[in-house]
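Dear colleague,

Please find the structure below, handed over for your records. My notes on it follow directly after.

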Amino acid sequence: MFDYKQPLKEIEIIKTLEQLEDFFQKYLGKQGTLTLAFKEMAALSPEEKKEAGKVLSEAKAILTESYDIKVQELSIGQINEALQKDLVDSSLEKSSYTIGHRSLLAEVRREAEDVCKSMGFIIEYGTDAVTKFENFESVNIPLTHPATEMQDTIYLKETDPRGEPLILRTQTSAMQNFMIKKYGVPLKAVVPGKVYRYENMDATHDTMFYQLEGIVVDKGITIAHAKHMIEKLLSAILKKDVETRMRPAYFPFVEPGFEIDARYEITDPKTGEKTMSKWMEVLWAGMIHPKVLETAGVDPKEYSGFAFGMWLSRLAAVRYGIKDIRYFTNGDLRFAKSF
């Protein structure tokens, strides 16, 4: 007959869950001693079965209870041991590490976006890769224009549905047609983002730089609206009261078009004398060309609008007194950490 006293002595000295698993298989598992004892009852007489069943059932209940208690005991011990190993000493000094920050360009771009939002503009980013239609034809630049040649434009191997190669947008004006069709008119929207040109790099030119394109389309819009809005926007970005002047210039997507210079008051840190800065070209603007509106499905006899584009890289350089715009993108950590 099965005697459970010996298994009880064995379970008392077990120290690990692995040893406890071996104990379970030895006595309570499918091929365990107690399990096999139950199977052997088939050869006993009815009276013997009754007596053996009572003894074996009692033994199984006692061993199962002892096993469950031991499992809980060893599991808690294992958890406590792991917690002791992973215990964090809060009195220790914290590890030193450097927290990153936004780049100057990102900072200026986000501030410009916030200013535009406060003025009621929609923010639209678009994509860096665009079609030749979006970049040229939709803004009244014919495909025979010199700007479409390889010396000005970076072409990609991928093609658009017409089979024409995609290009990296040379100006954020490539989004004008898309925005008018997406939102309809009246419309106030800006496109901040990167543009690409195949240029010789120097202190004021780079193959990639940031622009902020804006368009306003409504009934009765004039260039006076553009001048007022641009002065307010520049003053907010440069954090100075800005004075602007407009010089006639040709851009295919506006008529009339202007290059806009800005200047502001500066104070000599030594003498405190106030003078005006030099005039700086900071953006272009003009009334949206009727053909551009027509291409977007807007009647130029009913609606008018203005567009403007400013160089965020140049504005950031002016605001922080940086002489070479290549510092923004050359990956020099000394420059990044100095602001």
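Predicted model: local features only at pLDDT ≥ 70, side-chain atom pairs only at ≥ 80, totals over all residues.

Residues are numbered from 1 along each chain as its sequence is written, and side-chain values use heavy atoms, with hydrogens and water left out.

Helix pairs

Two packed helices are described by the angle between their axes and the distance between the axes. Helices are DSSP runs of H or I with at least four residues, and strands are runs of E with at least two, numbered from the N terminus. Axes are lines fitted to C-alpha atoms, for helices over the stretch in contact, and angles run from 0 to 180 degrees between N-to-C directions.

Helix α1 (residues 5–12) packs against helix α2 (residues 17–27) at about 170 degrees, and their axes are 10 Å apart. α1 is therefore roughly antiparallel to α2 (an angle over 145 degrees). On the α1 side, Pro7, Glu10 and Ile11 meet Leu20, Phe23, Lys26 and Tyr27 of α2 (contact means heavy atoms within 4.5 Å). By class, this contact has 5 nonpolar, no polar and 2 charged residues; Ala, Val, Leu, Ile, Met, Phe, Trp, Tyr, Cys and Pro count as nonpolar, Asp, Glu, Lys and Arg as charged, and the others, Gly among them, as polar.

Helix α5 (residues 104–118) and helix α8 (residues 223–238) pack at an angle of about 140 degrees, with axes 10 Å apart. Val108, Ala112, Val115 and Cys116 of α5 make the contact with Leu233, Ala236 and Ile237 of α8. That contact has 7 nonpolar, no polar and no charged residues.

Nonpolar cores

A nonpolar core is a set of buried Ala, Val, Leu, Ile, Met, Phe, Trp, Tyr and Cys residues joined through side-chain atoms within 4.5 Å, where buried means under 20% relative accessible area (1.4 Å probe, protein chains only). The largest core has 67 residues, of which Leu233, Leu234, Leu283, Phe308, Met310 and Phe328 touch the most other members. α8 gives the most to this core, with 7 residues. Apart from it lies another core of 15 residues, including Ile14 and Tyr67.

Serine 138

Serine 138 lies in the loop between α6 (132–135) and β3 (155–159). Serine 138 is buried, at a relative accessible area of 0%. Leaving out residues up to four places away in sequence, serine 138 touches Phe133, Asn177, Val292 and Thr295.

With kind regards

Methods: Parallel < 35°, antiparallel > 145°, perpendicular 65-115°, else oblique. Buried < 20%, exposed > 50% of the residue type's maximum accessible area, 1.4 Å probe, protein only.
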